[in-house]
Amino acid sequence: MGIFSVISLLGGLSIFLYGMDIMGDGLKSSSSKALKSMLEKVTQSAALGMLTGTLVTSVIQSSTATIVLTVGLMGAGILNLRQSISIVLGANIGTTITAQIIRLMDINSSGAAFLEIFKPSTLAPLAVLCGIIFLKFVKKQKTKGLGMMLMGFGILFTGLMGMTEAVSPLSESQAFTDVLQKFSDVPVLGILTGLITTFIVQSSSAVIGIVQALSSTGAFTFQTVYPLIIGINLGTCITTAIVCSIGADKDAKRTGIAHILFNCVGTVLFMVAITLLHNAGALDFIWGKPMNSGGIANFTTIFNLVTALVLLPFTNQLVRLTTIIVKDSPDDTEEAYPEMRTLDEKLFISPALALHQVNIAEASMGRLARKNFNRSIDQLVSYDPERSAKISSVEDRLDGFTDAAENYLIKLSNHIDSTEDNNELNLLLQAVTDFERIGDYATNINDLSARLVADGHAFSETAKRELAILSSALTEIIDLTVEAFADGDEAMARRIEPLEEVIDEMVATLKDRHIERLKNGSCTIGAGLVFIEVLTHMGRAADQCSSIAVFLLGRHNEEILNNHHAYLHELHKGTDAYYASEFDARRKEFLDPIEAL
């Protein structure tokens with residue numbers, strides 16, 4: 001095999017790996033929300049978890065990627081260790097789909113036009129042609145993922161055919177035959193070769209594809225190929241274990257350990273079984289026979305499927321074993337910011353899934369800000385130093401989460417290529433800032449309460465009754481905002497702006513009244529200034545709720561998204577029947593009682 005054949009081989013390998021990446025990206029792009037739905041619906045059933053792992057890996061063409069996604073969901077509290085291990089069992093089965101696709105190399109059309117289409121020499125250019133049509137001429141967001149998948153599929157087979165042609169001289173190479181004979185004589189060498197190669201290439205599917213291309217030389221027999229395949233499966237779990245261990249919690253590390261145990265058990269099981277069967281003469285019919293790409297694909301699938309089925313009933317034992325290997329530390333403390341566990345960059349593999357988890361975390365943040373705001377209102381009625389300390393502590397959590405979420409979303413934006421996901425990202429960036437500001441206003445009101453007490457001032461009874469009515473309106477609008485955001489409920493979001501306008505009227509009315517009280521001397525200047533500042537913070541908190549509602553409605557409405565101010569201006573004219581009706585109802589509920597005072 002000369003230097004030019006080596007160059008052709010490496011070039012074909014590069015094209016093959018590039019095609020795998022493009023195909024995987026296209027599949028993930030076109031099925032991102034389906035992946036999220038599948039992974040979230042894993043129940044306590046280990047069998048369903050294994051099936052889910054198989055299906056997800058079949059789609060994204062990477063057991064490592066599936067396990068990384070699983071670790072991210074586990075960190076978010078959606079999956080537990082038992083569920084994640086059941087997904088690991090299925091992930092190794094799903095990764096064999098690529099090998100089954102590559103077996104198309106074995107098709108012999110014998111002149112039949114129907115079969116000729118499925119030969120890689122026909123299928124590859126056809127897939128690339130269809131892919132470029134979707135990407136360059138259709139230009140719809142929904143077809144972009146399909147176009148990428150088809151392009152990747154065609155490029156993958158183009159690289160595979162290049163490798164096959166480049167290695168054809170090896171069929172006459174005595175040195176190559178001697179190396180394979182060593183694998184036959186010492187299976188451990190084959191296992192180590194497969195393990196090291198997979199660790200370098202970082203993809204078991206790719207290395208299996210290389211072996212399938214080499215099988216075209218006719219030099220591979222079952223005796224030489226089975227140690228390689230076993231080693232390849234061992235190699236991929238090392239990569240996963242390393243990824244799961246970097247900056248991860250204990251359960252993530254245990255998931256990586258479970259993947260290693262899976263393949264180690266499979267290795268021992270098959271090495272013992274094959275040795276016994278060979279000695280009994282049960283494998284004579286294939287032992288020294290040439291293996292084509294279909295035979296290699298079949299053995300790969302059988303290895304992972306049998307191992308998974310054998311280990312499936314022992315899922316609980318696997319869980320216990322991983323907890324023994326990775327022990328809990330006696331000094332483990334509760335995490336300071338549990339919401340931040342969701343911000344796992346491993347989820348960038350599936351942007352829709354990452355966005356969904358940020359939404360869950362921000363909804364938790366919104367509820368935390370709502371509680372803090374209610375605490376600050378209570379401070380105006382009866383100041384409590386312990387409550388004040390709690391407000392400050394929660395504010396630190398809100399600030400910390402906001403910084404982490406903004407950095408996370410900025411990084412995530414580089415992985416987003418659909419308009420829908422981009423709109424969701426904009427909503428999340430806006431909402432995290434607005435919720436954080438609501439928390440700031442709670443802190444400001446708490447500080448004003450402390451100042452009121454320190455200066456020996458107090459609100460008049462009339463001012464207290466006014467604040468009680470305004471506070472009930474603020475509680476209502478923040479509740480609506482948090483729940484509309486958490487559920488993506490646009491009908492609920494439409495109820496926010498009418499209430500926000502009523503709150504603005506309430507704030508303006510109360511400020512005018514309080515200025516009159518200051519003028520006639522029925523209120524002290526110190527208490528009066530605090531009262532007006534409190535009203536200002538309450539009005540601004542309502543403004544943040546309006547901001548979130550507008551972005552929530554704008555996700556699926558380009559007119560609102562592109563011009564928020566024009567949308568609000570039209571609403572405030574009162575020409576929208578729903579808005580006018582809701583506004584009138586809220587005025588009667590909140591403003592009329594204030595005017596009655």
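Modeller: Let's start with a term: a cavity is a set of grid points where a 1.4 Å probe fits but cannot get out. Keep in mind that this is a predicted model.

Biologist: Okay, how should I read that here, and how much space lies in the largest cavity?

Modeller: The general idea is that rolling a probe the size of a water molecule over the atoms shows where empty space is left. In this model, the largest cavity holds about 60 Å³ of space. The count is two cavities of 30 Å³ or more.

Biologist: Which elements give two or more residues to the lining of the largest cavity?

Modeller: Those are α6 (97-102), α12 (204-214), α13 (222-245) and α16 (293-311). The most comes from α12, with three residues. Among the lining residues you'll find Thr 98, Ala 99, Ser 204, Ile 232, Asn 233 and Asn 304.

Biologist: And what is the lining of the largest cavity like by class?

Modeller: It has eight polar, three nonpolar and no charged residues.

Biologist: Asn 233 is on that lining. What is the separation of its C-alpha atom from that of Leu 195?

Modeller: The two C-alpha atoms are 7.2 Å apart, while the residues sit 38 places apart along the chain. Leu 195 belongs to helix α11 (residues 187-201). Leaving out residues up to four places away in sequence, Leu 195 touches Gly 231, Ile 232, Leu 234, Gly 235 and Ile 238.

Biologist: Now helix packing. At what angle do α14 and α17 pack?

Modeller: Helix α14 (residues 250-279) and helix α17 (residues 315-325) pack at about 115 degrees, and their axes are 9 Å apart. The crossing is right-handed. On the α14 side, the contact uses Arg 254, Ile 257, Ala 258 and Leu 261, and α17 brings Leu 318, Leu 321, Thr 322, Thr 323 and Ile 325. By class, that contact has six nonpolar, two polar and one charged residues.

Biologist: Last one: how many salt bridges does the structure hold?

Modeller: In general, side chains of opposite charge can pair when their charged atoms come close. This structure holds 14 salt bridges. One of them joins the side chains of Glu 424 and Arg 555, at 2.8 Å from N to O.

Biologist: Why does that pair tie together parts that are apart in sequence?

Modeller: Because Glu 424 lies in helix α20 (residues 419-454) and Arg 555 in the loop between α24 (525-554) and α25 (558-562), the pair links parts 131 residues apart in sequence.

Terms used: Residues are numbered from 1 along each chain as its sequence is written. This is a predicted model: local features need pLDDT of at least 70, side-chain atom pairs count only at pLDDT 80 or more; totals for chains, interfaces and linings use all residues. Side-chain values use heavy atoms; hydrogens and water are left out. On a 1 Å grid over the protein atoms alone, a cavity is a set of points where a 1.4 Å probe fits but cannot get out, and a pocket is an open set with protein on both sides within 12 Å along at least five of seven lines; lining residues have an atom within 4 Å of a point. Grid points are joined across faces, edges and corners, and a volume is the space filled by probe spheres set on the points. Helices (H or I, at least four residues) and strands (E, at least two) are DSSP runs, numbered from the N terminus. Ala, Val, Leu, Ile, Met, Phe, Trp, Tyr, Cys and Pro count as nonpolar, Asp, Glu, Lys and Arg as charged, and the others, Gly among them, as polar. Axes are lines fitted to C-alpha atoms, for helices over the stretch in contact, and angles run from 0 to 180 degrees between N-to-C directions. A crossing is left-handed if the near helix is turned anticlockwise from the far one by less than a right angle, and right-handed if clockwise. Contact means heavy atoms within 4.5 Å. A salt bridge is a side-chain nitrogen of Lys or Arg within 4 Å of a carboxyl oxygen of Asp or Glu.
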